[in-house]
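Could you walk me through this model while I have it open in a viewer? I would like to know what to select at each stop and what I will find there.

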Amino acid sequence: ERFEACVKADEESIVLLKNDDILPIYNKEEKILLVGDFAINPLTGGEGSSKVTPLKEDLSILPDFQKMYKNIKFESCFNRRYGLIEPFGVKRAVLEAKKADKVVVFIGTNELTEKEETDKNLYQLEENLYEIINRIYEVNKNIVVVLESGGPVDLKNIPEIAKGIIYAGVGGEGINKALLRIISGEVSPSGKLSETFIKEKDDSYAQKGNFFYEKYSEGVLVGYKYYLTNNIPVQYEFGYGLSYASFEYSNLKIDKIGQYSYEITFDVTNNSDIDAKCVSEIYVSN
């Protein structure tokens, strides 16, 4: 029950950032290559107060993938805990990618960068992770990238070359089970971004300090309000998130029920034949 509760929470928080007709993967006969150590060792938590110790020992996505799909290959390519790239693993991944129908690449950050007490000193991922995706793209254009991190990172050219991008965050022990349900279409994604993905780290008002003293001078223009006010183009905005279903909003009504109180009602209709949840967002301004 505990594990399924974790999976359920992840299913509702995973964010689909891009889907160019590649997800979900309904065809169980397709040849699928899984790449990346995160597929077998997911980012379940960070360090310090964000540390999570899963009670379930085996969190690999591989066994469940093998039960659902008939033609599965896996290449680790790197050890995420130590940041070590396996050159022969990368070569094997490229060779397998040539024969695969679709490639799902798992990338992300490590526990040491996901903590409180200090600001992050890097916005990008390990350079080798971008290189692995580019190497695979040279031989196979049907790529889905799964990102596991505690916040936005520099995606570089991934939005241009990957047909699908899934942001998994830091999902605890249920994350890989939930990812399988999302990728297979058993569950439609409904999560929305709680932070903005910027295009360049210099676009942010938060710049690198000396780790002891930081001056935050943005005032009330925190997060997306800063980018909106200053007309700064972003990669993926706060509140962004796609679905496999199609929703329509109608009959919007705003009634003033007090001096500072309003009641807002509207209808949400699922116009597709896919069961899905929808997170509705309302933005208020002067």
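Is cysteine 278 buried, partly exposed or exposed? Select cysteine 278: its relative accessibility is 30%, so it counts as partly exposed. Here buried means under 20% relative accessible area, exposed means over 50%, and partly exposed lies in between, using a 1.4 Å probe and protein chains only.

Before moving on, a word on what you are looking at. This is a predicted model, in which local features need pLDDT of at least 70 and side-chain atom pairs count only at pLDDT 80 or more, while totals for chains, interfaces and linings use all residues. Residues are numbered from 1 along each chain as its sequence is written, and side-chain values use heavy atoms, with hydrogens and water left out.

**Stop 1**

Now select cysteine 6, which counts as partly exposed because its relative accessibility is 24%. Cysteine 77 is a contrasting stop: it is buried, with a relative accessible area of 0%. If you look for disulfides (pairs of cysteine sulfur atoms within 2.5 Å), you will find 0 in the structure.

**Stop 2: the open sheet**

Next, show the strands as a cartoon. Strands are DSSP runs of E with at least two residues, helices are runs of H or I with at least four, and both are numbered from the N terminus. An open sheet of 6 strands runs in the order β1-β8-β7-β6-β2-β3, with mixed pairing; two strands pair if DSSP finds at least two bridges between them. β1 and β3 stand at the edges with a single partner strand each, so one side of each has no neighbour in the sheet. From one strand to the next, the twist averages 15°; angles run from 0 to 180 degrees between N-to-C directions, and axes are lines fitted to C-alpha atoms, for helices over the stretch in contact.

**Stop 3: strand β7**

Colour β7 (143-148). Why is β7 described as largely enclosed by the rest of the structure? The reason is that 6 of its 6 residues are buried. Ile143, Val145 and Leu147 are buried on one side, and Val144, Val146 and Glu148 are buried on the other.

Then bring in its partners:

- β6 runs parallel to β7, and 6 bridges join them. Valine 104 has valine 144 of β7 as its bridge partner, and isoleucine 107 stands opposite leucine 147.
- β8 also runs parallel to β7, joined by 4 bridges. Here valine 146 stands opposite isoleucine 166.

**Stop 4: helices α6 and α1**

Select residues 175-184, helix α6: 9 of its 10 residues are buried, so it is largely enclosed by the rest of the structure. Among the buried residues are Asn176, Arg181 and Ser184, together with Leu179 and Leu180. The cover over them includes α1 (2-13), α2 (62-68), β6 (102-108), β7 and β8 (164-167), where contact means heavy atoms within 4.5 Å. Step just past the helix to glycine 185, which takes a positive phi of about 90°.

Move to α1, where α6 is among the elements covering the buried residues. The end C-alpha atoms of α1 are 17 Å apart, in agreement with the 16 Å that its 12 residues should span at 1.5 Å a residue; the expected span is 1.5 Å times one less than the number of residues. Its buried residues include Phe3, Val7, Asp10 and Glu11. They cover an arc of only 105° around the axis, which puts them on the same side of α1; the arc is that of the directions from the helix axis to the C-beta atoms.

**Stop 5: isoleucine 161**

Isoleucine 161 sits in helix α5 (residues 158-161) and is buried, with a relative accessible area of 10%. Leaving aside residues up to four places away in sequence, it touches Ile133, Asn134, Tyr137 and Lys141. For a distance check, its C-alpha atom is separated by 9.5 Å from that of valine 144, 17 residues apart along the chain.

**Stop 6**

Most residues other than glycine have a negative phi, and most peptide bonds are trans. Return to cysteine 77, in the loop between β3 (71-75) and β4 (78-79), where phi is near 70°. Asparagine 231, in the loop between α7 (224-229) and β10 (234-236), has a positive phi of about 55° and is exposed, with a relative accessible area of 68%. Finish at proline 24, in the loop between β1 (15-19) and β2 (31-35): the peptide bond from leucine 23 to proline 24 is cis, with omega near -5°.
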